[in-house]
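This report is meant for someone meeting the structure for the opening time, and it begins with the contacts within a chain before turning to its layout and to its partner.

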Amino acid sequence: MTKVTMTVNGKAVSGEVEGRTLLSAFLREGLGMTGTHIGCDTSQCGACVVHVDGKAVKSCTMFALDAAGSSVKTIEGMANADGSLGVIQQAFQDHHGLQCGFCTPGMVMSSAALLAENPKPTEAEVRHYLEGNICRCTGYHNIVKAVLAASGQDVSSVAAE
Amino acid sequence: MPKDYGIGASSKRREDVRFLSGLGNYTDDVVIAGQTYAVFVRSTVAHGRIKSVGTATASAMPGVLAVFTGEDFKDVGGNPAGWLINSRDGTPMREPKRPVLAHGKVRHVGDAYAAVVAETLQQAKDAAQVIADETEIEELPAIVDMAQALADSSNRVHDEIPDNQCFDWGWIEDNRAATEAAFKSAPHVTTLELVNNRLVPNAMEPRASIGEYFPGTGDYKLTTTSQNPHLTRLLIAAFVMGIPENKLTVVAPDVGGGFGSKIYHYGEEALVLAAAKKIKRPVKWVAERSESFLSDAHGRDHVTKIELACDKQGNFLAFRTSTMANVGAYLSNFSTATPTFLHGTLMAGPYKVPHVYVNVKTVFTNTAPVDAYRGAGRPEATYSLERVIDKMCRELNLDPFEVRRKNFLTTDMFPYTTPVGLVYDTGNYQATLDKAMELGDVAGFEKRRVESAKRGKLRGMGLSTWIEACGIAPSNLVGILGSRVGLYDAATVRVNATGNISVMTGAHSHGQGHETVFAQVVAEQLGIPESSIEIVHGDTSKIPFGMGSYGSRSLAVCGTAMTKAVDKIIAKGKKIAAHMLEAAEGDITFADGKFSVAGTDKAKTFGEIAFSAYVPHNYPLETLEPGLEETAFYDPANFTYPAGAYLCEVEVDAETGKVEVCSFTCADDFGNVMNPMIVEGQVHGGVGQGIGQALLENTSYDENGQLLTGSYMDYAMPRADDVPFYTVDASCITPCTHNPLGVKGCGEAGAIGSPPAVVNAVIDALHRGGHTHVTHIDMPVSPSRVWSAMNA
């Protein structure tokens with residue numbers, strides 16, 4: 001076992017991990033932060049997306065030790081300072097961009113990464129960027145709409161939510 | 001102004017806040033002090049005889065607490081089929097035992113024959129690998145193809161079942177001769193052979209279970225990914241483990257999607273309970289995605305020949321189908337109902353057709369069990385009908401819109417008894433077709449087609465109309481038809497002393513938003529804020545005995561039970577109010593959260609009545625019990641019959657065969673709509689899955705029974721860039737006539753109506769592009785299949 005230290009949602013954390021411990025497992029089991037979900041184990045579904053030093057990463061495809069010294073942001077760190085939902089989270093609620101909620105943490109984290117690099121994406125750009133996040137409930141309609149709305153664009157012409 | 005409260009409002013979902021904050025509580029998120037980890041050892045061959053299971057080395061490995069094999073469960077019960085189907089000759093279906101762990105033989109890749117419990121997950125995985133390495137299984141020839149399975153008695157999935165057939169079902173057998181006669185004399189017959197492709201449900205949360213045993217009391221607790229915790233408890237108690245029902249609590253906390261696959265009881269649930277008892281510690285199992293692909297119940301997998309008899313004007317005279325339906329290696333709980341009473345009974349569609357006959361042979365194969373997946377039988381029926389109708393229109397050069405319209409049942413024909421045994425209570429199929437044509441701008445299609453052609457794309461338009469039977473189901477009827485369970489539901493409405501309310505429902509929400517919608521309904525009925533109402537579901541120790549959520553039944557059945565419980569609350573409240581207001585009970589009215597004496601300004605608020613019920617100082621104790629809590633059970637009088645019309649436009653790339661869905665339009669009649677935002681979301685999701693089935697998804701086994709599509713690298717899930725924005729409408733409303741909310745159900749519609757619309761659009765595009773020799777392409781309509789068809 002090796003000691004690993006990193007910053008998660010602005011707080012310094014540390015824990016003992018094996019070399020093979022994935023970042024997703026460290027977050028969920030080591031830190032008890034179960035907002036990051038495991039949907040496929042093969043880096044395909046995107047439910048486990050977090051930000052590592054500002055970049056969207058599938059945390060099931062990265063060893064915890066590889067994140068040593070990094071700044072990690074998870075779904076638990078997306079709320080506003082007063083605890084209310086952040087802009088993207090609120091847009092997902094307002095536009096019914098989630099149903100069962102399982103893919104949602106990854107969707108929100110990927111959407112945040114998209115908007116950080118492309119603040120006003122087109123519909124096609126949103127769909128392309130989210131290609132690595134699978135949702136089985138929503139047919140993506142309201143997720144795409146929520147991301148466009150979170151970017152400040154008018155979505156009133158998109159069919160009902 | 002749209003309503004912002006109660007029935008008909010698009011109330012934002014209260015459950016979203018926890019899901020968006022990372023505070024959901026899914027089974028894998030549950031951590032119990034001292035928990036241990038189970039890992040299953042699964043067959044890597046499709047068919048084999050177990051010679052020995054190598055447990056000796058593994059049992060002594062570090063951290064290993066217990067090892068189980070099929071031998072440990074050979075004397076306990078099997079996981080039963082929930083529906084008995086009789087063959088045409090009256091003989092009952094063949095029901096092989098489905099053990100907790102495979103014993104004697106393994107019957108599909110992924111069939112679990114051993115399990116290890118260890119201190120850590122890694123220790124359990126390491127030991128499981130050693131068991132796999134030291135186990136001896138004699139591989140037998142795999143039975144994969146259904147026709148071959150029926151023809152070859154020398155190779156058997158279950159040794160006691162010679163032709164691998166579960167049953168040979170006719171519906172309705174008495175209609176067979178008349179249907180055949182109609183075909184003999186028909187001016188035109190269209191025949192189509194098609195495959196309804198096997199799908200993996202792929203809820204994003206893999207299955208997971210935690211077993212606990214409490215030695216002090218002898219109680220068990222199972223936390224599990226279930227759509228119906230009471231049904232799971234009943235199956236474990238009565239059939240599999242023999243644990244008394246009152247010693248077992250089943251909790252299904254937040255569940256990350258189901259789509260049918262989490263209806264069923266699975267062996268892993270029994271194993272973690274048995275293991276927890278043996279080692280006196282909690283035992284947790286979480287499926288990896290590859291285990292989900294291998295062992296979740298799959299969906300669809302029908303091979304069908306459908307024939308349509310009609311006159312030269314396209315008036316339907318008869319439908320006849322012959323289907324082979326794959327049930328896989330074992331009977332999953334509702335696998336026998338899905339291809340029969342959820343399929344054959346819908347084979348008249350929304351049409352007036354005098355004669356229908358359906359034959360279904362169900363076949364055992366060395367593949368994962370197949371059971372109900374979103375729509376369950378009804379997508380298969382709709383696909384067969386809507387494809388053959390389109391083919392007929394092309395053969396007779398008739399307009400597919402007009403053919404459907406002239407064959408629709410008309411609004412003056414309800415209630416209508418179909419030739420396949422259902423009684424449709426109400427509907428207006430013309431209205432939804434008109435609405436779809438308007439929203440989908442059928443009139444403007446030609447202009448769009450020309451524009452596509454300029455870009456070298458072949459554009460096509462496909463229509464399908466659909467109907468389903470949901471709100472499952474009248475118990476006496478399904479009992480006659482072979483169901484081994486009742487399909488009522490239940491709710492308890494508990495008014496707390498301070499006036500807020502807990503509603504305990506038998507429904508289970510795994511994405512549908514019941515916590516929000518059920519609160520809207522009760523808020524409307526009692527005239528109190530939605531925020532004062534809490535919906536409790538998913539815990540057998542808290543909720544009354546209900547059958548859970550599937551088959552678009554939650555509001556129609558569970559919502560009706562809830563409404564009836566509310567009615568009892570109001571009735572009792574009137575008695576209390578009459579006493580407090582010194583008036584006759586008959587003079588008390590209830591509206592807007594107030595009990596009033598008619599014609600006076602004397603009134604008591606709902607809160608005052610609730611408080612009086614629990615602090616009964618001024619209360620008619622000699623005639624009325626204190627407290628304000630009521631339970632109602634509701635058994636539906638009939639199925640409900642939502643219906644609609646779907647339009648799809650595609651562009652086909654003539655060079656590559658790639659299909660792009662340009663637009664998808666849905667006009668549905670769901671009866672009354674409680675929350676339009678959620679109803680639309682349900683349709684979006686269903687359509688997404690239907691487009692997935694039509695264009696992308698397929699479950700492929702090779703001739704050795706190896707699953708070739710066992711990960712998201714190989715199984716093409718629809719992704720955000722595979723689908724367009726959808727146009728969805730639910731404004732054509734004919735309220736259900738036999739439940740008080742007038743609701744019909746919307747959960748499966750999208751998955752039922754969309755696949756034929758997509759495929760019809762592709763065929764239309766090819767025809768308009770001059771490829772008139774193409775009459776059918778099986779799903780998924782992949783670029784290679786389209787290209788091959790075009791260039792055949």
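## Contacts within chain A

In this predicted model, 57% of the contacts in chain A between residues at least 6 apart in sequence join residues that are at least 24 apart.

## Elements and dimensions

Chain A contains five helices and five strands, and, when these are read along the sequence, they follow the pattern β-β-α-β-β-β-α-α-α-α.

The C-alpha trace of chain A spans about 55 × 35 × 25 Å along its principal axes. Because a compact globule with 161 residues would have a radius of gyration near 15 Å, the 16 Å found for chain A agrees with that expectation.

## The contact between chains A and B

How many residues does each chain bring to the contact? Chain A takes part with 48 residues and chain B with 45 residues. On the side of chain B that touches chain A, the elements giving two or more residues are helix H1 (16-20), helix H17 (676-696) and strand E28 (726-729) of chain B. The most is given by H17(B), which supplies eight residues to that side.

By residue type, the side of chain B that touches chain A divides into 20 nonpolar, 14 polar and 11 charged residues.

Definitions and conventions. Residues numbered from 1 in each chain as written. Chains lettered and ligands numbered in written order. Predicted model: local features only at pLDDT ≥ 70, side-chain atom pairs only at ≥ 80, totals over all residues. Helix = DSSP H or I, 4+ residues; strand = E, 2+ residues; numbered from the N terminus. Rg over C-alpha atoms; globule rule 2.2 N^0.38 Å. Contact = placed C-beta atoms within 7 Å. Nonpolar A, V, L, I, M, F, W, Y, C, P; charged D, E, K, R; others polar.
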